[in-house]
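Walk through this protein with the model open beside you.

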Amino acid sequence: MRALLLSAGEGTRLRPITNNIPKCLVPINGKPLLEYWLENLTQAGINEFLINTHYLADQVKEFVTTSKYKNNITLVYEKELLNTGGTVLANKEFFKNEPFMLVHADNLSFCDFNTFINTHNNRPKECEITMMLFKSDDPSSCGIVEIDENNIVQKFYEKVPNPPSNLANGAVYICEPSIINFMEQLDKKDIDFSLDIIPAYLGKINIFLNNIYHRDIGNPISYGLAQVEMNTHIKTPIKAVFLDRDGVINEDYGYVYKQKDFKFKKNIFALLKYYQQQGYKLFIVTNQSGIARGYYSVDDFTKLMDWVKTKFLEQNITITDIAFCPHHPDINKECNCRKPKPGMILNLASKYNIDLKSSILIGDNQSDILAAKNANIKHTILVNKETDYKVILSKYSNSSPANMIASIQ
Ligand SMILES: [Mg+2]
Ligand SMILES: [Zn+2]
């Protein structure tokens, strides 16, 4: 994927700091802001960058020519500021008619950019943009969104007093190339993303919630805060075991919703204790179309799961969170959570800062394994009715989980 790092702004709100240095190069704990973007996005596999310049352009040029990323950067000078849409249109060849990331590089942002990209790749089909959101501590100074149950942006409030929530636009987007065609049709020079694009795309904007760290380095106060906050917010990602429920944790008798029908599979406690000791956090991700079909209610499901969690706790096993899909495509409109879609896994990954590459999924169905694959989880275990977890454990107890998994597959 390619990225446009918008870096031309004058940073007037950040004066006097920006009197002699462009905003994109202000140092955060000794490192220029742009360097963080190049580093974080390169790690996520982005290897072509377009950087536009205007204010103090020579300094940005100097930074790029001495950067270790210089071979991946195209620099364009704007004699007059073009605004977001203008810059995109002026450089449309760069995007090669492919999805691209659009970054207002005057933010400091840390998240799992791989999961961000993956969330876009698995977006609801009507969506053409995925917007990064963050929880703002000053929502009236931000663009605030209202989302529906499928995580699609339905309303947008740009810097209004008393906004309805604190879910704020991070000004980092992944766009389908069709956005460029739309911009062209507007037939004007000054195209602002918040004013011209977002309102036209309501109902077609998917979201990714950045739960790690995001701050607009807009004024001297937030600039100061960023340097202090950064180190406390950026934590090492955790590794997780994602467990399907029916057929993995309990015997699958079909649409189980009563305690009396919930029979724990043999030695599931031993297996989960083992993973817990190895430092994994445990999550359940389960399709529950019995809810859509009217066989039982969300309330029945959560009551049962509260009891299941208690049973695990009695064994000193903590289930960190449970995600479930209550839908069925024949009854509801197609959702983003039902496995093999990776929605439940991606949401948990963003919520808990999970490193999916070092995580594991255990399922008894191809749709579980496929959901793992769609979420970029490499290690999967497919079990069946006869699987005895104790046998697996005793056989491989001297190996690391990764080896163990390799041996099972
Ligand atoms: Mg199952
Ligand atoms: Zn669903």
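Start with a crossover: strand β17, helix α12 (residues 366–374) and strand β18 form a right-handed β-α-β unit. Right-handed has a set meaning here: with the strands pointing away from the viewer, the path from the first strand over the helix to the second runs clockwise. Helices (H or I, at least four residues) and strands (E, at least two) are DSSP runs, numbered from the N terminus.

A word on the model itself. It is predicted: local features need pLDDT of at least 70, and side-chain atom pairs count only at pLDDT 80 or more, while totals for chains, interfaces and linings use all residues. Residues are numbered from 1 along each chain as its sequence is written, and chains are lettered from A and ligands numbered from 1 in the order in which they are written.

Back to the two strands. β17 and β18 pair in parallel, over four bridges. Two strands count as paired if DSSP finds at least two bridges between them. In β18, H379 is the bridge partner of I360. I360 also has a partner in the other direction of the tour: V241 is bridged to I360 in β17. That contact belongs to the pairing of β14 with β17, which is parallel and has three bridges.

Now look at the faces of β17 (residues 360–363). Both are covered. I360 and I362 are buried on one side, L361 and G363 on the other. A residue is buried if 20 or more other C-beta atoms lie within 10 Å of its own, exposed if 12 or fewer, and partly exposed in between, with C-beta atoms placed from the backbone.

Widen the view to the sheet. Five strands make an open sheet in the order β16-β15-β14-β17-β18, with parallel pairing. Its edge strands are β16 (319–325) and β18 (379–382), each pairing on one side only. Strand β14 (residues 240–243) is joined to β15 (residues 281–287) by four bridges. Across that pair, L243 stands opposite I284 in β15.

Strands β4 (residues 48–53) and β5 (residues 73–77) share five bridges. T53 faces Y77 in β5 as its opposite. Together with helix α2 (residues 57–65), β4 and β5 make a right-handed β-α-β unit.

Next, the domains. The protein is divided into domain 1 (2–233) and domain 2 (240–408), with bounds from an automatic or database domain assignment. Their centres, taken over C-alpha atoms, are 35 Å apart. The contact involves 13 residues from domain 1 and 14 residues from domain 2. Residues are in contact if their C-beta atoms, placed from the backbone, lie within 7 Å.

On the domain 1 side, α4 (113–121) and β12 (205–209) each supply at least two residues. α4 gives the most, with four residues.

How enclosed is α4, and why? Seven of its nine residues are buried, so α4 is largely enclosed by the rest of the structure. Among them are F113, F116 and I117. The cover over the buried residues of α4 includes α1 (33–43), β8 (129–135), β11 (167–175), β12 and α11 (343–352).

End at Q227, in helix α7 (residues 220–233). Q227 has 14 other C-beta atoms within 10 Å, so Q227 is partly exposed. Q227 and N29 are 198 residues apart in sequence, yet 5.8 Å apart in space, C-alpha to C-alpha. Leaving out residues up to four places away in sequence, Q227 touches I28 and N29.

Technical notes:
Contact = placed C-beta atoms within 7 Å.
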